[in-house]
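Student: I am new to this structure and would like a close look at one part of it. Could you walk me through the main nonpolar core and then show me how its surroundings fit in?

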Amino acid sequence: MLVPLARRTLLHDWRRFLPAALAIAFSGLLVLVQVALLIGLLATISLYITTSTGDLWVGFPGTQTIDTGRPIRAGVEVFLRQHPAVARVEKLQWSGGDWRAPKGDRGGVSVILTGIDTRPDGGVLARAVTPAQRRLLMEPGSILVDAADLDKLGVAVGDSAEIGGHRVRVVGVTEGLRAIGGVNVIASLGTAARLNALGDSDDVAYFVVSLAPGADADAARRDLQRMAAGRQFEVWTAQDFADQTLRYWIFESGMGVSVAFGSAVALLVGVVITSQTLSAAIAGSIREYATLRALGVSMGDLRRIVLAQSLWLAVGGLLVAGLLSGLLLLAARAHRVPAHVDGGMILAAVAVVLTVALASGLLALRQLRRADPILLLR
């Protein structure tokens, strides 16, 4: 009886309870969108890993995130190829550079220069760079940039520019390789070496290892790491390296802490505003609650009615938050703003909304002390 009564009360006085539902909705919306943008933004750092098909990554010992790796000796490749589970080893060059637009109407732009194998079946960035684009990169000085960065660089496909004083030509664009701060530039290993002025150095940023079909990546990693004792490199599975990179940027860079603090403030504001709005709604219906007391409804039942109303408000808030979140994330995608939402984040947002609603309901219960039947005699 209590739940239908709570629902009918909300429907009858919906104008009174609408601000509370909106406060709950915007609390959930703010938290979900903040986290989606943070994860989407930081996930761009590990795109080199997640858009590649390699099973293992080999880099400098102690590397915490892909963008802070140091070069390792090219001779490591021979060692890796000796393992029976290894089917293929590819080099990945990584360096920085300074971009100069052809028209000279823009200042220098920092770029992240990545050199990859141009064979059509290459595994590095296989999900971002097509075989046709790899063939275009075979021409010396050819590069790819992300479509979202063309305006920043001041070029179009077919235009020429300079990186580190060397002439390059944009032969195509990628999708989804937008970087934080700088600009991702993809080139062949030969072009990357020339642009980075590596000279005779054969050092490599990373080796990306593809295993034979059926090989166990964890077992191969442990085996290679054991055999590599005393050598200056470390081996990670692709998933572990991607997760490690994301964790570093969330917890060590300070970005995650900042977003967590902002989300906590949003929750606190949501609880305070919602509880005050709900308290005002209860105060406005205090005579109705007093009537229920006069009819024999206990104070405990009244509390359960208020908490049931809070849960119904949470349902309404979830519907509004879901609709607005979907629209905002669609707008972000249309403008190539990185955002990531998965099932775990949605469940977390639902938990946040329910927490805000219940906390608000508990804070609003103090108004029920005024629901005395004697009010009906005034």
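Tutor: Happy to! In this predicted model, the largest nonpolar core holds 30 residues, and Trp57, Ile66, Ile186 and Tyr206 are the ones with the most contacts inside it. Helix H2 (14-43), helix H3 (47-50), strand S2 (86-100), strand S8 (206-211) and helix H9 (238-252) each give two or more residues to this core. The largest share comes from H9, with five residues. As background, nonpolar side chains in soluble globular proteins tend to be buried together.

Let's zoom in on Tyr206.

Now look at Gln64, which sits in the loop between strand S1 (56-59) and helix H4 (76-81). Is Gln64 buried, exposed or partly exposed? Its relative accessibility is 44%, so Gln64 counts as partly exposed. Leaving out residues up to four places away in sequence, Gln64 touches Gln244, Thr245 and Tyr248.

Leu22 belongs to helix H2, and with a relative accessible area of 34% Leu22 is partly exposed. Together with Trp14, Leu18 and Phe26, Leu22 forms a nonpolar surface patch whose accessible area totals about 380 Å².

Another element to trace is helix H12, residues 299-334. Its 36 residues should span 52 Å at 1.5 Å a residue, and the C-alpha atoms at its ends are 52 Å apart, so the two values agree. Buried residues in H12 include Leu302, Ile305, Val306, Leu313 and Ala321, and also Gln309 and Ser310. After H12 comes Arg336, which has a positive phi near 55 degrees.

Finally, step back to the whole chain. It has 13 helices and nine strands, and 46% of its 378 residues are buried. Among contacts with a separation of 6 or more, 79% join residues 24 or more positions apart. The accessible surface comes to about 18,300 Å², with 60% of that belonging to carbon and sulfur atoms.

Definitions and conventions. Residues are numbered from 1 along each chain as its sequence is written. This is a predicted model: local features need pLDDT of at least 70, side-chain atom pairs count only at pLDDT 80 or more; totals for chains, interfaces and linings use all residues. Side-chain values use heavy atoms; hydrogens and water are left out. Helices (H or I, at least four residues) and strands (E, at least two) are DSSP runs, numbered from the N terminus. Buried means under 20% relative accessible area, exposed over 50%, partly exposed in between (1.4 Å probe, protein chains only). Contact means heavy atoms within 4.5 Å. Accessible areas come from the Shrake-Rupley method with a 1.4 Å probe; for residues, only the protein chains shown count as cover. A nonpolar core is a set of buried Ala, Val, Leu, Ile, Met, Phe, Trp, Tyr and Cys residues joined through side-chain atoms within 4.5 Å. Patches are made of residues with over 30% relative accessible area and no salt bridge: like charges are joined within 9 Å, nonpolar side chains (Val, Leu, Ile, Met, Phe, Trp, Tyr) within 5 Å. A salt bridge is a side-chain nitrogen of Lys or Arg within 4 Å of a carboxyl oxygen of Asp or Glu. The expected span of a helix is 1.5 Å times one less than its number of residues.
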